[in-house]
Amino acid sequence: MDNVVITGSARGLGLAMAKEFRKNSYSVVLSDINEKNLEQAKSELESLPGSGKVLAFRCDVTDLNDLEALWQKSAQELGEIDLWINNAGVNQPMVPLWELKKEEIELLINIDLKGAMFGSKVAISHMKDQGHGQVYCIEGFGADNATQLGLTAYGSAKKGVQYMVTGLAKELEKTNTPVQVGRLNPGIMITDFITHPLGKDGTMELSDSTKKVYNILGDKPDVVAEFLVKGMIRNVSAKKQNDYVAWLTKRKAMWRFMTAAFNKRNFFEE
Ligand SMILES: NC(=O)c1ccc[n+]([C@@H]2O[C@H](COP(=O)([O-])OP(=O)(O)OC[C@H]3O[C@@H](n4cnc5c(N)ncnc54)[C@H](O)[C@@H]3O)[C@@H](O)[C@H]2O)c1
């Protein structure tokens with residue numbers, strides 16, 4: 001039986017991946033800063049068929065001590081941790097960088113970049129001792145060098161995450177450390193993330209042109225999660241270093257645009 005820990009998994013992609021892992025008989029550790037959603041997510045996961053354990057621990061990924069406690073509590077219950085996914089992330093308000101408040105920039109970088117860095121540090125140092133394990137991080141807009149008004153801070157963080165994983169892969173290889181790292185590219189998903197900048201309650205109105213692009217390129221998180229989890233499970237035995245599991249490839253995006261006239265999806269009027 002394999003065990004997985006997923007940060008920021010009380011909703012959205014994290015929860016959708018947790019459900020897929022449960023379907024595949026994994027024991028799953030949910031964790032999130034939002035305790036109310038975390039409890040609901042745990043009940044939801046437990047109600048699904050699956051032979052593994054379901055655990056849930058509060059963890060703020062900006063706090064190294066929280067992440068260390070998440071590893072300790074998970075390992076205490078499950079023994080070894082085979083997979084650790086740095087999934088927690090927030091979007092930014094759609095304004096140019098100079099209009100963001102100092103606290104908003106700090107929060108975004110602390111969660112999206114520093115959180116993934118702290119999570120990788122904690123997981124790799126323990127996986128090194130247990131002799132195996134894999135750590136995945138989530139890429140996003142900016143990792144492919146794309147630029148857009150209103151996404152500069154977020155894109156900088158995700159570009160940083162991409163660099164960090166690639167650098168880590170080299171470090172693990174050069175030091176013969178038996179741990180692999182990888183990146184997940186989920187494309188565009190219709191989750192609370194796109195309308196709740198910085199994870200706050202206030203909803204961000206999307207322009208009609210943005211909604212149009214989301215209807216063409218976007219997907220529900222469960223569809224994306226099924227694909228990403230299959231890729232990660234494949235790599236548990238393949239053990240490829242710097243594994244890259246990409247849902248929305250350039251080819252798929254081009255196809256979606258070419259067939260957009262026949263696309264009847266409307267996520268915003270469901
Ligand atoms: N939705 C998209 O279109 C999209 C596209 C590309 C990449 N991503 C990335 O996918 C990941 C998941 O996004 P999502 O769409 O499921 O978002 P979401 O907002 O639905 O879920 C994110 C979760 O992270 C949690 N979280 C926020 N701050 C935290 C902290 N400090 N510590 C622990 N947990 C915290 C939230 O409470 C929430 O449960 C993120 O890394 C995001 O950047 C999303």
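Is the crossing of helix 4 and helix 5 right-handed or left-handed?

## Helix 4 and helix 5

The crossing is right-handed (the near helix is turned clockwise from the far one by less than a right angle). This is a predicted model: local features need pLDDT of at least 70, side-chain atom pairs count only at pLDDT 80 or more, and totals for chains, interfaces and linings use all residues. Residues are numbered from 1 along each chain as its sequence is written.

Helix 5 spans residues 152–174. Helices are DSSP runs of H or I with at least four residues; strands are E runs of at least two, and both are numbered from the N terminus. The axes of helices 4 and 5 lie 9 Å apart, at an angle of about 15 degrees. Axes are lines fitted to C-alpha atoms over the stretch in contact, with angles from 0 to 180 degrees between N-to-C directions. Helix 4 is therefore roughly parallel to helix 5 (angles under 35 degrees).

Contacts (C-beta atoms, placed from the backbone, within 7 Å) include Ile105, Leu108 and Asp112 from helix 4, and Ala153, Lys158 and Leu168 from helix 5.

## Helix 3 and helix 4

Helix 3 (residues 64–78) and helix 4 (residues 102–130) cross at roughly 35 degrees, their axes coming within 9 Å. This crossing is right-handed. Helix 3 brings Leu64, Leu67, Glu68, Trp71 and Ala75. Helix 4 meets them with Phe118, Gly119, Val122, Ala123 and His126.

## Ligand shell

The ligand is surrounded by 31 residues (C-beta atom, placed from the backbone, within 6 Å). Gly8, Gly12, Gly89, Gly140 and Phe193 are the closest. Helix 1 gives the most, with three residues.

Methods: Contact = placed C-beta atoms within 7 Å. Parallel < 35°, antiparallel > 145°, perpendicular 65-115°, else oblique.
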